Amino acid sequence: MVNNDINNIKNNIENIRRAIEESATACGRKASDIKLVAVTKTHSVEEMLIASESADALGENRVQEAMAKKRLWPSTNRSQWRLLGHLQNNKVRKALQLFDTVDSLDSVDLAMTLNRVSQEMTRVTSVLIEVNTSGESSKSGVALGKFYELLDRVLTCRNLSLEGLMTIGPLSENESDVRRAFAQARALSEKARALSALPLSILSMGMSYDFRWAITEGSTMVRIGTALFGSRE
Ligand SMILES: *Cc1c(COP(=O)(O)O)cnc(C)c1O
């Protein structure tokens, strides 16, 4: 990787931090309440290491890819690794060896498996419930109609620690459509907080093209790939 690429990533992070600050201030929030996850899928370990200097966490989508990268990852780098992509039951054990959190918990079945394997590994795994607020069937996340059933089950899992919700906004440039989806996730997280009496402090929403709207709607964690590393091949 040439110096130019390194400087680009550093500049991009600075710009993103500034945009987070502006969006937060504009709606009376503090930028320090909004975490930045660098989404590193398809990008090299070298690029990830640069990003890890200023991002709050790293996000990967696929277990296989994360496994290859972890082999090259320096043990002195303590970055938090968050799993963002859909997780299959048969990859749970591998995922728990690689990731600190699973942000894409989307079914009762997966919750049960994650809980059982976490217990076997004598760990408590931090999770986010991913909700499908866009209504797009191709999008991952639990359907709104099944959210409370999943929440109830997760709350019975002693080896899972529910920290909040994640959602992916609709693929749309229409501000009100996108914000409506984010507002829905926020409303669900508030109801879940009341029902569970847990802090549920993480509301992970907002990507490169919609993180400003997400912040206005209460996001506490944005997940940025393209705006940080450039477009993926
Ligand atoms: C790829 C991905 C992102 C980052 O998207 P960008 O548009 O590149 O910022 C965020 N969240 C999830 C779940 C993703 O899969």
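A polar contact is taken here as a pair of N or O atoms within 3.5 Å; within protein, one atom must be able to donate a hydrogen and the other to accept it, and residues adjacent in sequence count only if both atoms are side-chain atoms. The structure is a predicted model, in which local features need pLDDT of at least 70 and side-chain atom pairs count only at pLDDT 80 or more, whereas totals for chains, interfaces and linings use all residues. Residues are numbered from 1 along each chain as its sequence is written, and side-chain values use heavy atoms, with hydrogens and water left out.

By the polar-contact criterion, a polar side-chain atom of Lys41 lies 2.7 Å from an oxygen atom of the ligand, and an N or O atom in the side chain of Arg223 is 2.8 Å from a ligand nitrogen atom. The backbone also takes part, in that a polar backbone atom of Gly225 is 2.8 Å from an oxygen atom of the ligand. The ligand taken alone exposes 390 Å², of which the protein buries 91% (accessible areas from the Shrake-Rupley method with a 1.4 Å probe; for residues, only the protein chains shown count as cover).

The residues surrounding the ligand (those with a heavy atom within 4 Å of it) include Val39, Asn61, Leu84, Ile168, Met207 and Arg232. By class, this shell holds five nonpolar, four polar and three charged residues, where Ala, Val, Leu, Ile, Met, Phe, Trp, Tyr, Cys and Pro count as nonpolar, Asp, Glu, Lys and Arg as charged, and the others, Gly among them, as polar.

Thr42 is placed in the loop between β1 (35–39) and α2 (45–52), helices (H or I, at least four residues) and strands (E, at least two) being DSSP runs numbered from the N terminus. Although Thr42 is not a glycine, its phi is positive, at about 70°, and its backbone nitrogen lies 2.6 Å from a polar atom of the Glu65 side chain. Glu65 itself belongs to helix α3 (residues 63–72) and, because its relative accessible area is 17%, is classed as buried (under 20%; exposed is over 50% and partly exposed in between, with a 1.4 Å probe and protein chains only).

A positive phi, near 45°, is also found at Thr122, again a residue other than glycine, in the loop between α5 (108–120) and β5 (125–132). Thr122 counts as exposed because its relative accessible area is 72%. Thr133, in the loop between β5 and β6 (142–143), is by contrast buried, at 8% relative accessibility, and its side chain makes a polar contact of 2.8 Å with the side chain of Thr167.
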